[in-house]
Amino acid sequence: MTIGQQRALRILQVVGGMERAGTETWLLNVLRRIDRDRFQMDFLVHQLQPCAYNDEVLALGSRIIPCLNQKQPWLYARNFNRILREHGPYDIVHSHVHHFSGYILRLAQQAGVPVRIAHSHIDTSSIEARTGLRRRLYYILTKWWIARYATQGLGASCQAAADLFGSAWKTDPRWQTLYCGINLTPFQNVVDPTTVRTEFNLPANAFVIGHVGRLEKQKNHQFLIDIAVELVKRDPNIYLLLVGDGSLSSVIQQRVAQLGLTERVLFAGSRPDVPRLMLGAMDIFLFPSLYEGLGLVLVEAQAAGLPCIFSDVVPEEADVVKPLLHRISLSQPASIWADTVMYIKQNKQSINQLQALATVEKSGFEIVKGVKELEFYYTNCLN
């Protein structure tokens, strides 16, 4: 009889914090749907402050366990080993913190954890090449630790896998891709656009460009504002709705004010109702990220039936509803991106929201299907 049949597998998920972000939202959706009699998940986090998903994680029977001192390896190791002693034993350590996963899986191996999974959710290769010597040495060391101490590895896309496991990752049977699914149920709801837009004081004839993402450098909000400048010159009824929060929030808001766009750029902050905003407030989804592992929010925008304009660094696995998609190189100026917005505004789409949703439902991004795949993966790792 296998371990999985005898008792629940105990899995320690390692994340920065259970914030409202792509990887963390996926993990919460997994926790909601996984067979909790067979799989017991706890969450090791790198912060003390409460996060958006903490209450629900606890309500679902999981623990949130802080492990601090990331920048002091010896202290972190002591904290990590204490956590394994006090809360373990764990059958699986599943780490989602990219390069730092190398150190975590090294500690897990030394502590005797049998299954150690590195999960790559992002492709940072474009910025790794431009960093200083000290940082490059850190990347080399942590990737070497991953290669040595990970028993398995997952990539959110082929690009994400290559970034963490190397360009020849397909030749190593430990590494594979696993699409992180999304909850499509909210996209089946009927949403009244008038009600949603009234909440943001949007005029009835407003044409709304939407973006969902943390206000961090990766998401390229400065360029979003440049595009908004071009669009407002061409159409007085265009608005930009930004959903998310982050360390650059005040910087972006200040720039918007300096450009005289305060009435045109709306900051919605971190929201639990992203599907509702996509269905009820947005006309187009704009996603000029500097790098991505996959871009789950782009798949959500397709489920909402939104035309999507996005950077060419986004992995092609995110291309689900082809008639909605418009890739543009980041080397193109804001004026070209604005031209594409105006073209879409003036031309009717060839697919409606229900058709788009049906296409996403048949893809590999449906959460129920994804959870079943993850359950099989965990069980197979131990068997």
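Because the model is predicted, local features need pLDDT of at least 70 and side-chain atom pairs count only at pLDDT 80 or more, while totals for chains, interfaces and linings use all residues. Residues are numbered from 1 along each chain as its sequence is written, and side-chain values use heavy atoms, with hydrogens and water left out.

In soluble globular proteins, nonpolar side chains tend to be buried together. Here the largest nonpolar core has 75 residues, and those with the most contacts inside it are Trp26, Leu241, Met278, Phe285 and Tyr378. Such a core is a set of buried Ala, Val, Leu, Ile, Met, Phe, Trp, Tyr and Cys residues joined through side-chain atoms within 4.5 Å, where buried means under 20% relative accessible area, exposed means over 50%, and partly exposed lies in between (1.4 Å probe, protein chains only). Helix α16 gives the largest share of this core, seven residues. Apart from it lies another core, of 30 residues, among them Ile83, Trp145, Ile146 and Leu164. Leucine 241, from the largest core, is in contact (heavy atoms within 4.5 Å) with residues including Phe200, Val208, Ile209, Leu266 and Met282, once its neighbours within four places in sequence are left aside.

Helix α2 (residues 22-33) has twelve residues and reaches 17 Å from its first C-alpha to its last, close to the 16 Å expected at 1.5 Å a residue, the expected span being 1.5 Å times one less than the number of residues. Its buried residues include Trp26, Leu27, Leu28, Val30 and Leu31, and the buried residues of α2 pack against β1 (9-14), β2 (39-45), α3 (54-59), β5 (115-120), α13 (296-303) and α16 (367-382).

Phenylalanine 165 belongs to helix α8 (residues 158-165) and counts as buried at 11% relative accessibility. Not counting residues up to four places away in sequence, phenylalanine 165 touches Ala118, Ile146, Gly153, Leu154, Gly155 and Trp175. The C-alpha atom of phenylalanine 165 is separated by 9.9 Å from that of histidine 119, which is 46 residues apart along the chain.

Arginine 197 forms one with aspartate 283, the closest N and O atoms being 2.8 Å apart. This pair links distant parts of the chain, with arginine 197 in helix α9 and aspartate 283 in the loop between α12 (274-280) and β11, 86 residues apart. Arginine 197 counts as buried at 11% relative accessibility, whereas aspartate 283, at 26%, counts as partly exposed. Glutamate 199 and arginine 276 also meet in a salt bridge (2.3 Å, N to O); glutamate 199 lies in α9 and arginine 276 in α12, so this pair ties together parts that are 77 residues apart in sequence. Both residues belong to a network of salt bridges that links Glu199, Arg271, Asp273 and Arg276.

Most residues other than glycine have a negative phi, and most peptide bonds are trans. Asparagine 201, in the loop between α9 (193-199) and β8 (207-212), has a positive phi of about 55° although it is not a glycine, and asparagine 220, in the loop between β8 and α10 (221-234), has a positive phi of about 65°. Asparagine 201 is exposed, with a relative accessible area of 70%, while asparagine 220 is buried, with 12%. The peptide bond from glycine 88 to proline 89 is cis, with omega near 0°, and proline 89 lies in the loop between α4 (73-87) and β4 (92-95).

Finally, leucine 133, in helix α7 (residues 133-149), counts as exposed at 57% relative accessibility.

Definitions and conventions. Helices (H or I, at least four residues) and strands (E, at least two) are DSSP runs, numbered from the N terminus. A salt bridge is a side-chain nitrogen of Lys or Arg within 4 Å of a carboxyl oxygen of Asp or Glu.
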